[in-house]
Amino acid sequence: MKKQKVKKHTVRRILKYASPYKRSLVFAMIFAILYVVSALTVPVLIGYAVDNAVGKGDVDFEAIAQLLLMTAVTVLSCAVFQWLMGLFINTVSYFTIRDIRSDIFKKFDSVPLKYIDGHPHGDLISRIINDAENIGDGLLQGITQLFSGIVMIICTLVFMVVLNVYIAIVVVIITPLSMFVAAFITRLSQNQFRKQSATQGEISSYINEYIGQQKLVKAFGYEEESQKSFEEINERLRVCGQKSQFYSSLANPSTRFVNGLVTTAVCVTGAISVINGGLTVGQISAFITYANQYTKPFNEVTGVIPQLQSALAGADRVFELLDSPDQLPDPEKPADLTQHKGRIDIENVSFSYSPAKPLITGFDLHVKPGSKIAIVGPTGCGKTTFINLLMRFYDVTGGDIKIDGTSIYDMKRDDLRSLFGMVLQESWLYNATVRENIAYGKPDASLDEVKSAAKKAFIHRFIERMPDGYDTIITEEGANLSQGQRQLMCIARVMLCDPPMLILDEATSSIDTRTELKIQEAFNNMMKGRTSFIVAHRLSTIKNADVILVMKDGHIIEQGSHNELMSKNGFYTNLYNSQFAATK
Amino acid sequence: MFRLRRFLKDYKLQLIIGPICKLIEAVFELFIPLITADIIDNGVRNNDMDYVLQRGGLMVLLGALGLGFALVCQKSASIASQGFGTKVRNALFRHINTLSHSELDRIGTPSLITRMTNDINRLQLAVAMLIRLVIRAPFLVIGALIMAMTIDLRLSLIFFGAALLIALVLFFVMTRSVPFYKSIQRSLDSVSLISRENLSGNRVIRAFARQENDEARFDERNSTLAKTAVRAGRLSALLNPLTFVIAQAAIIGIVWFGSLFVDGGSLTTGQIIALVNYMTQILLAMIVVSNLVVIFTNASASAARVNEVFDTKPSVTEKPDAFAKEDKNAPCIEFRNVSFGYSGSGHALKNISFTVDRNTTVGIIGGTGSGKSTLVNLIPRFYDASEGEVFVDGADVRDYPFASLRGKIGIVPQKAELFSGTIKDNMLWGKKDASDEDIETALKISQSYEFVSKLPEKTGKMLSAGGKNLSGGQRQRLTIARALVGRPEILILDDSASALDFATDAALRKALREETNGMTVIMVSQRVGTVRYADRIIVLDGGELAGIGTHNELFKNCEVYREICLSQLKAEEVENK
């Protein structure tokens, strides 16, 4: 029972998405009425025309010609109405689906990053592609069948009532019986549809992961194993797909069977009442005709039940995504950030990715404006987490982070983030030209600006050698760029932005040290008097920082300049010396 | 589209039984009006109550039988269509597994995802519809045509004319809409592409506060998709009305000429009515056919996309009778005048020759984009050299079966990626039957043992896709462990310590040195510290070999190497003691 409610709710939400296209829907409805009425008129006109051809030498050609002309006009207008109905329904379904997809995509940008990090991307892609498409198909088929069906039902109902109210009522009461049967079957199979939709998502995730990492699969000769696991998921998809298709396609024949029973009952009881003298033969035969006509739309509607069901299953997954909580909204009156010096105070911050395992507790740090902070420590000590918190990719669970005395939670996220230029170890490029990729943070930059940023990042010469120079299209997984070159492009991106503060998280890890030195120099020039954070393992990067933070297990265990730390002879000294430790 | 029929061959039974059952059901359905007429004509007229009930019983029986046949048909349709889709997907995945990186990069993962899911779904639908509808409609049409001919040969000409016209309309709409459906699927690809980019680059997008721009980019393609779909829909929406008009025109013609014949005495009114009814029957059948046509045009566009993947031939292929004559006395690895270029750009490697002796450690160093990764990618044959030869154990790598070549090599790629599953699952990649001890040793060498044993689930820890729930350094160490589990003959580390702090890096190198007896190790690195104690160091510069030798030799003789050293170390730190 509860599930049923959920479903109604889902349908209402889908319709809400269609509501901006109310006008098209109304037009579709109007044309549906006109279409059905004219379609029902055509046989009547033909019938009259034939009636005028009585026998040899007894044909009223004038009347026939007139009636046939009327038929022709009705046929043409009927065709036009049907066409227009189709057009409007098309528009409604495709644009509704576009809006749903667009909302899903926006949702990717408004959920907390935790959601994106925690869900297989292939599954999310399947929701935006396949589940949304199923909703569209359901809408298209559903509206088409529903509209012409409803009109057909109403029209025949009118004819029947005119003919005989009593039997009309009987037919009206018993025909929906078939709907109960259909509803029962539908409920049985809905579960399979949900499973099918989810498995479809699973298969996308699998493809996304294994095809995306094809090189590794090859390197380890893992083709057979990956094929096996794929076939296992695929087999599960086959089973639930086959079940859902079969069960839900039962609805139509069952409905027709029930309606056949209804016709039989009408026929037999009608015949009996004729024998008992209640009806005439003509009435009963007309009645059977109309009863047939009346049940037909029900049969047609149940014919599209599989599409409707997979639409519902898709919609459930789409709405589940759309309903997941957004990140906290930006403050209503965000702090004004036009004046910033770059002082950062981190006060008693605690954080954990999962409540069971606190990662950072009691974290305190005060950064003077314009200083260069380096963060070092064993991997997994919380360096990247620190940056996640500073940029508000994740929110602290306790304490506060302030920039120039203003809590970052009083700022708009975008304002906060635009204070920082950030380069991560994993260099993200997207499917666009080199120029667009470099100008990502400053889309209105001129080509000269882009070039000068590329020069500062020492990637200009390489770009010039690419087939179309700055107009070369690069792809997310572009094969002919080395990791280092990708990092350089990301660095050029930040160089172009000239940000008030800088975060480099292992930003030069794949770049050769000679280039790295030059880039550091460029960064030093750019960041003169500005605050910057650098996470790096390489000594050269860290040595000349104003403050080096040594982190371990989510705490700062030592801090100070390189010389201060070296004289302490503590953890840092060990770390520093370890690179010279003889490895022979 | 018909090329894909090979995937249906296991479903011959369903393909035959399904339509036949559907046909029988249709025939039963045709009996119902006859019986109703019978009840009225014989039962009611004769006041025969028993006859009425008996015929009524017959109707119920036929209905039940019809239901039974329909069920068999639906079952066959669901089995054949889903089975077909599953087979296509399996075969496609298998084929994709044979493709080399350059082909995959050209088609793109997002497009492969849509092809594997959305396109194959469309094909499945087509198969199901084929079984349910394909025999019934032509049966009804041909039946009606024959009946029309027996009634009046002259008027049946109108039937043939109408049938021909309808066929033309179907053909016209079908051919015109195929390009639309192709472009719909392409738009769907690009929607999928941007979604994937957005998900993988979500941090960067937010960092640059570019969400709105990204959404605009998405909306643009999304709208293109919707508009193309509407345009394709506009064409398909023509099908039903046009069919309707042609059929009704034929009916008008039948009535008109029929009246003439009635006037002349060669036809009765009843016959006209019968002809009109047959034409209506044809119309109904043709409407079913036109819906089928839409589904099939759609499917043929999808079939073309699926076939395009099947037609993509891997650029790196195994020889049919691959057999490598290994020579354990030959150098472990040898490059002979190797040049290589990625498609569309110049040489990434130029005329490289060197040898690597067994059980030695070789460092590869060079500037960004100097070809280090490209060079090591040629050893396991991710790409084939465009000129020259690469030898492993004295045999050309192209003579090896992939499995035995790649089985010798453990590779740690630059990008530290793991797969969803437990840590142990990931370790088994290196050796399918690795024991817990094998795994423990590998974890210890790669310096991962400490953090793994601190995890509450130990090696049972579930990793998310790519291993994203670990830190970069942890991930990197596990990728090293994965390569070590199988104790490969050749270990390739492609700058795979970049995310490690120097203490861990140093400990790792020490462990590698002590524990990799019998392994030939190739280390690509940016750090002089990593390669300086290697037996030999290969220096690359702009795709060319700038020097080979030991650290001290190269520091003396190789300008490029000296520069690299001096950028990282103080002069007094340079000399190896």
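Helices here are DSSP runs (H or I, at least four residues), numbered from the N terminus, and the expected span of a helix is 1.5 Å times one less than its number of residues. The model on display is predicted: local features need pLDDT of at least 70 and side-chain atom pairs count only at pLDDT 80 or more, while totals for chains, interfaces and linings use all residues. Residues are numbered from 1 along each chain as its sequence is written, and chains are lettered from A in the order in which they are written.

**First stop: a helix of chain A**

Select residues 223-275 of chain A, which form helix α9(A). This helix has 53 residues and reaches 76 Å from its first C-alpha to its last, close to the 78 Å expected. After α9(A) comes Gly277(A), where phi is positive, near 90 degrees.

**Second stop: where the chains meet**

Next, display both chains. In total, 151 residues of chain A are in contact with 147 residues of chain B (C-beta atoms, placed from the backbone, within 7 Å). On the side of chain A that touches chain B, α9(A) provides the largest share, 27 residues. That side comprises 72 nonpolar, 56 polar and 23 charged residues. Ala, Val, Leu, Ile, Met, Phe, Trp, Tyr, Cys and Pro count as nonpolar, Asp, Glu, Lys and Arg as charged, and the others, Gly among them, as polar.

The crossing of α9(A) and α2(B) is right-handed, the near helix being turned clockwise from the far one by less than a right angle. Their contact has 23 nonpolar, 20 polar and seven charged residues.

Now select α6(B), residues 153-200, with α9(B), residues 269-311. Here the axes come within 9 Å and cross at roughly 25 degrees, which means that α6(B) is roughly parallel to α9(B). Residues to display in the contact include Leu155(B), Phe159(B) and Ile166(B) of α6(B), and Leu275(B), Met279(B) and Met286(B) of α9(B).

**Last stop: the domains of chain B**

Finally, colour residues 2-311 of chain B as domain 1 and 333-574 as domain 2, bounds that come from an automatic or database domain assignment. The centres of these domains, taken over C-alpha atoms, are 56 Å apart.

How values were computed: Helix = DSSP H or I, 4+ residues; strand = E, 2+ residues; numbered from the N terminus. Contact = placed C-beta atoms within 7 Å. Axes fitted to C-alpha atoms, helices over the stretch in contact; angles between N-to-C directions. Parallel < 35°, antiparallel > 145°, perpendicular 65-115°, else oblique.
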